[in-house]
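Dear colleague,

I am passing on a structure that I would like you to have open while you read this message.

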Amino acid sequence: MRVISKLFDSDRRRIPKSPKHLDSGESATSSSSLSDVTTGSSSLHSSLSLQTLPSVPSLQKIPSTTVTVSHSVTSSFKLRERSLPVTCLAVNGGYLFAVSGHEVSIYDRDMCAHLDTFNGQDPFSGTVKSVGFSGEKIFTAHQDGKIGVWKLTAKSGYKQLTTLPTLNDRLRRFALPKNYVQVRRHKKRLWIEHADAVTALAVSDGFIYSVSWDKTLKIWRASDLRCKESIKAHDDAVNAIAVSTNGTVYTGSADRRIRVWAKPTGEKRHTLVATLEKHKSAVNALALNDDGSVLFSGSCDRSILVWEREDTSNYMAVRGALRGHDKAILSLFNVSDLLLSGSADRTVRIWRRGPDSSYSCLEVLSGHTKPVKSLAAVREKELDDVVSIISGSLDGEVKCWKVSVTKPDNSFYTNLVQ
């Protein structure tokens, strides 16, 4: 466990002293015991009731007996011989990008055949925590606070173009004192630099959004790779980000809050629109439905909260909770009308939204021996009732699943997977 602990928490300052200051994916690997994902966090003890957040109503209902769900594991493989944790999964076209430690491996998604690996020669950048795509560029978020920029070339395979912030961006700003911010006592950095691990990336409409343990949200322009904004977003480490199609940005933090950011018409910078406060411990994961009208958040309090946009506002109000996992929620992924949740309880749950806005847990996928840290999914085009799900775990294994939901009444399941 010493190797894993080093990878996930190389900066000892980040070790949390209370459930409030958690990045649970990392904390989950720093303890040899998986019965308690975060040592000292009583909210995760399996002996406690699963009725978390009692003030939030449940949105769950029992699935209809006419619904038939079947699933199978089509492939299961280890990324590395030493079984280092799978920290990130991402799908781009027909390719699966899977991360273990500092290495990014590319697989043919259909065949699960290994095609290539990059960043294998640069262990000093630390664990890769997130992967994003913009055009032909690939972006990787690193433990050392940098963002790698890559491109597939005919001669050299995956080649690193630069890191963010770029040298040009640094040179443009380094001479002016106003471009420096205090990051620690007696230590300053340019405001375009992350001062701690970059935990998540989102790419939308030509911009890259990054969040970090340094409590900030930064926004980069993909065309010239310049940092356009840096926002002090939270009072503790930022663990998750989601961006809607209309440009609204959601950030989730170890301070237990979700903050909503938007750029007013005619303005050049994002401003705080709302702060969503219902979770009782660190927010680890966020996901939006296809049109951005529903936000899902997962936390160390074992709950998934469902937030919906109110007619009278541009931000979200909590509608209810989805309960069932008995340990921290580490990952969320939305595909059509299905929400996937991965947990420190080693399972993946498949939730479906019904026509009355209630949710049913259709299936629980089990088989991993350690927490499920990352998820990805794709709806199969030829078979519109089949979804391919990929799960990555701290056990070092990637599992590929085929899940099929029968549709006995097409009118009732019109929106199952669109």
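This is a predicted model: local features need pLDDT of at least 70, side-chain atom pairs count only at pLDDT 80 or more; totals for chains, interfaces and linings use all residues.

Residues are numbered from 1 along each chain as its sequence is written, and side-chain values use heavy atoms, with hydrogens and water left out.

To begin with the sheet, strands here are DSSP runs (E, at least two residues; helices are H or I, at least four), numbered from the N terminus, and two of them pair if DSSP finds at least two bridges between them. An open sheet is formed by four strands in the order β12-β13-β14-β15, with antiparallel pairing. Because β12 (198-204) and β15 (227-232) stand at the edges with a single partner strand each, one side of each is left without a neighbour in the sheet. From one strand to the next the twist averages 15°, as an angle between N-to-C directions on a scale from 0 to 180 degrees, with axes fitted to C-alpha atoms. Six bridges join β12 to β13 (residues 207-212), and Phe207 is the bridge partner of Ser204.

Turning to charged side chains, the model holds 13 salt bridges, each being a side-chain nitrogen of Lys or Arg within 4 Å of a carboxyl oxygen of Asp or Glu. One network of them links Lys232, Asp235, Asp255, Arg257 and Glu277. As for accessibility (buried is under 20% relative accessible area, exposed over 50%, partly exposed in between, with a 1.4 Å probe and protein chains only), Asp255 is buried at 1%, whereas Glu277 is partly exposed at 49% and Lys232 is exposed at 52%.

Strand β18 deserves a separate look, as five of its five residues are buried. Ile258, Val260 and Ala262 point one way from the strand and Arg259 and Trp261 the other way. β18 runs antiparallel to β17, with four bridges between them, and pairs in the antiparallel sense with β19 over five bridges. In the hairpin of β17 and β18, Arg256 takes a positive phi near 80°.

Finally, there are the pockets (on a 1 Å grid over the protein atoms alone, open sets of points where a 1.4 Å probe fits, with protein on both sides within 12 Å along at least five of seven lines; lining residues have an atom within 4 Å of a point). The largest pocket has a volume of about 1400 Å³, and of its 50 lining residues the closest to its centre are Leu201, Ile241, Leu286, Leu332 and Phe333. The second largest pocket holds about 490 Å³ of space and is lined by 26 residues, with Tyr209, Glu229, Lys263, Lys268 and His270 nearest its centre. Strand β15 gives the most to the lining of this second pocket, with three residues.

With kind regards

Terms used
Grid points are joined across faces, edges and corners, and a volume is the space filled by probe spheres set on the points.
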